[in-house]
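Hi,

Here is the structure I promised to pass on. My notes follow below it.

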Amino acid sequence: MERLRAPELEPARAWLGTTRPLRLRELRGHVVILDFWTSCCVNCMHVLPILRDLERRHAGRPVVVIGVHSAKFPGEARPERVADAIARHDVEHPVVVDDGLAIWERYAIRSWPTLVVVGPDGTIAAVAPGEPDPVALDTLVRGLLAEAEAHGTLAAAPLAIPRGDPPPPRPLAFPGKLAVAPDGRIAVADSGHHRVLVLAPDGDVQLSIGSGRRGHRDAAFADARLDDPQGLAWADDGALWICDARSHTVRRADLSRGRLDTVAGTGSMGHVPIASPSPARTTALRSPWDLTVVGERVLVCLAGSHQLGVLAPAGGGEYTIDALAGDGREALVDGSPRVACYAQPSGFARAGDRLYVADSETSAIREFDLGSGETRTLVGAGLFDWGNEDGPFAAARLQHPLGVAVTAAGDVLVADTFNDRLRRLDVRAGLVSTLSLETCNESLREPGGLAVLADGDLLVADTGHHRFVRLAADGRFKAELEVRGAPAVPEPDEPPPPSLAAAPATRWFDLVLERAPTLAPGRATATLRLLAPEGWKFNAGAPQRLTLEVSRRSDLVTTAERITLSGQDRSDMSVEIDLEVAELPTAEVRSELLVRVDSMLCGGDPEVCAPSQAWLRIPLLLTSAGEAAFRVDLALAAPV
């Protein structure tokens, strides 16, 4: 397949993290990784630490990462909001703000996140939708560097990129969730400072949980490390539960002992949804974002796997974790736990046997029945339906809400994050209204959490303004909560990037077909036979999933975005992929299909089960003389 020259990054609405625009032609001799992302996307957030490690691993070499922020929601498209996201997520490389998805279209991108790797010769070396394998990405970069060095085309040193001044220090940085204890104490997630503060009702800091340095470390509060803490919940025994989003863990702070410990998660990001009960501390999670305590159980919003999870005590201080609803598909589907689908659930509020969920990527508020396990949607229509309309539930629209709370009267309050507003859902009347701050010349900026105080007032995390504000029940601004006595934030203390296992030079994809199958216009079928590694078999209790992406000429070739197969207790299984090829504009057109296979394999002695992921790249030749079917065998690697 011919190599395509990478288009310039224009038209650009703005350049951030650099004092001047960058041109790809001045980066000849460099390996350039373009990260197409959007700040609302949790999968995009999963890519950023991988890129951060890559940049540090190749420091001093001609390797440049450039973020291309191609916004999904209007509320995240403005350059000042992108600058907030860059600061919030510790992005250190330059970012170009895409002007109305124009750069996205020039590169024919179809999903967030997508990486485009540009070689030192200025041509596109690889396109990879989804979260990349760090080993595969690093291997590709090293291979391109070595190839250019052998040909004498590698830049002698990396381009010096002027960065500009860092933002000034603040008492709080992008505060997220908050939780009010029965005695009036307020726990707040000082998310950008990687710590949780416990405040007296007047704002005096009583405790700081976490050193303020990013990481994952269980220890006494002053030495412990958190990474972008979000959801908080007080337990009946006075302990504080914490969702530590970027370390992918659920933590428990014992205030009587002054110690923070991990209850769920391994500290590394998981790659598959939760499919069955398992020991919580050995199960890798994906971006837990909020939680609530129900008796002895802790319910968790697993934003990164699009699920609701439940922690249950297993004795000896240990817990199990299981899926409460959702199988990992990102969608808006109501029904029983096995049927319902969520899309980045990010906020919880409980009212008796009802659990209200801020389902952020569908801009929806969902209701989960703790008794029956049924999910129903109150407000919201789908992944690409959003707005700022009040009125009946069916017509009302939100924009990426992150927080919910319930009033004494049973109304649901919503932090409508990308609309910069608070909304009220009258559940009895089925109506949505807006709480207005405009009469007092105050405004919110991407509110991320809220709570109802004992006197009925509201406490809101005004995340983009780096503060907490107190509002009357009708939304009138009353005061900013002044946080006094917070410890100084120490200088960053970054450990070296983790070492990577060696991988073959072709490891970006597990299989690349050398010869392109030919397809004629009309319906076609690709039969993919999956082969488990020797000594392994597919788990009969876990679904196997295929994620499909037509990465080239998606205007001519269409297919399903995802296929889910029932688990089978065997060493091989086949799946048919239906394709539709449109009429061709020329005699021959080259296309490409990317397939990601997520499996659960079991094997070994004693038998263990582990997730497996494989990537398949299928070039296609579209021609009137083509066939209507082809077959591919894909041998999976043993889990590591």
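Which residues does Ser-208 touch, not counting residues up to four places away in sequence? They are Arg-195, Val-196, Leu-197, Phe-221 and Pro-487, where contact means heavy atoms within 4.5 Å.

Before the rest, some housekeeping. This is a predicted model, where local features need pLDDT of at least 70 and side-chain atom pairs count only at pLDDT 80 or more, while totals for chains, interfaces and linings use all residues. Residues are numbered from 1 along each chain as its sequence is written, and side-chain values use heavy atoms, with hydrogens and water left out.

Back to Ser-208: this residue sits in strand β10 (residues 205-209) and is buried, at 17% relative accessible area. Buried means under 20%, exposed over 50%, and partly exposed in between (1.4 Å probe, protein chains only). Helices (H or I, at least four residues) and strands (E, at least two) are DSSP runs, numbered from the N terminus.

Then there's helix α2 (residues 79-88), which is mostly covered, with seven of its ten residues buried. Among them are Val-82, Ala-85 and Ile-86, but also Arg-81 and Asp-84. The cover over the buried residues includes β1 (12-16), β3 (63-69) and β12 (229-234). After α2 comes Asp-90, with a positive phi near 55 degrees.

Last, the cores, meaning sets of buried Ala, Val, Leu, Ile, Met, Phe, Trp, Tyr and Cys residues joined through side-chain atoms within 4.5 Å. The largest nonpolar core has 35 residues, and Leu-528, Leu-546, Leu-579, Val-595 and Ile-618 touch the most other members. A second, separate core of 21 residues includes Leu-9 and Val-64.

Cheers
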